[in-house]
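Work through each task first, then compare notes with the solution below it.

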Amino acid sequence: MNSTADGLMVDKVHVWRGDRHVLQGVSTQVRPGELLHVSGPNGTGKTTLLRVVSGLLRPEQGSVSWRGQSIVSGRTEYQAALAYAAHEPALKGDLTALENLRFSVGLKRRSSAVELRGALERTGVSACADLPARVLSAGQRRRVSLARVVAMQAPVWLLDEPYANLDSAGSELVSGLLQAHVAAGGLALVVAHRELTLACRVRRLELNS
Amino acid sequence: MWTWFYKLASPPYVYGVAAASMPWFLGLAILTIGYGLIGGLVFAPPDYQQGDAFRIIYVHVPSAWMSEFVYTTMAVAGAIALIWRIKVGHAVAAASAPIGASFTLAALVTGSMWGKPMWGTYWAWDPRLTSELILLFLYVGVMSLRSAFEDPARGDRAAALLAIVGAVNVPIIHYSVVWWNSLHQAATVAKLGKPSIAGSMLWPLLSMFVGFMLFYGAVLCLRLQGEVLNRERQSAWVREAIKS
Amino acid sequence: MTVGAWEAFWLIVHREMRLSFRRPEQLLQPLVFFLIVTTLFPLGLSLQLSLLRDISPGVLWVAALLSSLLSLDSLFKSDADDGTLEQLALSGHGLTVIVVAKTVAHWLVTGLALVLVSPIVGTALGIPTDAFATMLLSLALGTLTLSWLGAIGAGLTIGLRRGNVLLSLIVLPLAMPLLIFGAGATDRAISGTSAMGALYLLAALCVFTCTLAPFAAAAALRITLE
């Protein structure tokens, strides 16, 4: 019985950046209802691993599969099931928070303005909905990018430093969102420097050089 | 048969083949070019129309042919590397680019030298020369792109894609330049036409073609060794090869 | 409920348009550059319209090429800088649809704008008005083709040092055929002979490029995103 057929599987991934062997045969798996906390010192390839899992970066060797299917051949299904938040909040400065959500979530699923405003409210930035993203603070932008993740309603969350630029209230918000997501059967891969104290199943992958 | 192909994808194997073949290529190249030059420059009779000036074709025409052949090789090697992820292809493409650019430059210079007795000027916008010039720009573009990337692997892939795009465009560029030239053909501008070939002229010319090919092979083997070593410098076989 | 390719295409075009019109000054820059470059020629050569007319197709086209190139640098740059390009790449629609949408939107606000401004430039260079139809058509086809060549170049040079110089270095040799056909068409229209041959060749080049370039540009983006 192949229990890993449901979930993400990373199999012996190798990545070189120039001369550096950044990822040396990394293998792991994340099942639905689980959260994988990727930690390690700077420069050990945490973000690189996240980008490999997202499909943005093709590893020299090794593979990633989702629900038993390679993320390369099953790219469309995988991306539809994926919400990725990079370290940069990835917002267009000239668009409002709501417009940013509309144009990015809108590519994944049809959603109404009401739903998107609801997502912004859930992350505490409903007041920023009609402000251009360039006037928002770093913390507010982080919350808008989290709202985007929430609004995509995707089973797989790949988050790079979601706690960055957030105060303690914001950190509690992120933890709450992660817990709710995992409890509802989603899975998450979170790159974070800090320790995570979450009321859900957390596995740890420590990368070192 | 396919094992030979798979072996070609292995850097140490290619390194070994290049090192072993280089002297053969060079030796044969010297022989054929030597025959071609002596036959063409000394023994072939002067052309009744162009006099001794036509002798430049012994260098100009093979150079021009090689400039295009090497570009195609570079594009194909890059395509193989991109599609099947065979990294040796990138090494071949990177090694070939400066060789091809040099051939292009040689074709332009010898074309210009041919132009002086033919048209009285060192440059005229002849379709052949103009195409060679644009080809030179394409080479420079590929080489500049490769070197502009900090990550050499990405630079290789970007240069390979550009070489493929360029290769697709080369026939289009040729045709458009010929069309343009026919539009604006002034009566005084003559094309760099080859004189009618007699046998004693033909064999040295063919020998030059073969010789230039072999020369490319020799220089490619030489440069390829360097490229492969550079790209594989982290791997164990290179450390072994350096020690020995 | 998943989003289809057409819907994604229109959404991205909508996004690009909204972003372009939020900064209208940026839209004017290539047009002003077009006018400036055109002005350089009479200043440098001659103010006699009859003399200018002889070289006008070439001047017009070179100016249009250079102005288009200026704006092509920004095709992917802004999205690459703020991280939204990655979000687009992971949207589930494949880079090809994204590239088509962005390039078409870019052409609508730059290339098409150049075409609409060209009668002014044409008059300044002494191009007779009965050659305008050919001039406009050839510029429309030419700028569209150039947008596609530029998309490939822009995709390859995102984030490189002096990327815009490299972009021009890469794109201009590839653009020489369309310069030849486009200027050739306009030239024949001015001299009164039929420009249809040149226009057909230009159209063929445009169709060829529009068909193949999206895949090349998507491949370029994939290489850059890694």
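Two strands count as paired if DSSP finds at least two bridges between them. Keep in mind that this is a predicted model.

**Exercise 1.** Find which residue stands opposite Val15(A) in E2(A), and how many bridges join E1(A) to E2(A).

Solution. Finally, look at the hairpin of E1(A) and E2(A): 2 residues lie between the strands, and Gly18(A) takes a positive phi near 65 degrees.

**Exercise 2.** Work out in what order the 4 strands of the open sheet lie.

Solution. Begin with E1(A) and E4(A), which run antiparallel and are joined by 5 bridges. Here Val10(A) stands opposite Val64(A) in E4(A). Then move on to E4(A), residues 61–66, which pairs with E5(A) over 2 bridges, again in the antiparallel sense. In this pair, Trp66(A) faces Gln69(A) of E5(A). Putting the steps together gives the order E2-E1-E4-E5 in chain A, with antiparallel pairing. The edges are strand E2 (20–30) and strand E5 (69–70) of chain A, each pairing on one side only.

**Exercise 3.** Identify which strands helix H1 of chain A touches, and at what angle its direction lies to that of E1(A).

Solution. First locate helix H1 at residues 46–54 of chain A, where it packs on the sheet. Then list its contacts: strand E1 (8–17), E2 and E4 of chain A. Last, compare directions: that of H1 makes about 125 degrees with that of E1(A).

Note on methods. Residues numbered from 1 in each chain as written. Chains lettered and ligands numbered in written order. Predicted model: local features only at pLDDT ≥ 70, side-chain atom pairs only at ≥ 80, totals over all residues. Contact = placed C-beta atoms within 7 Å. Axes fitted to C-alpha atoms, helices over the stretch in contact; angles between N-to-C directions.
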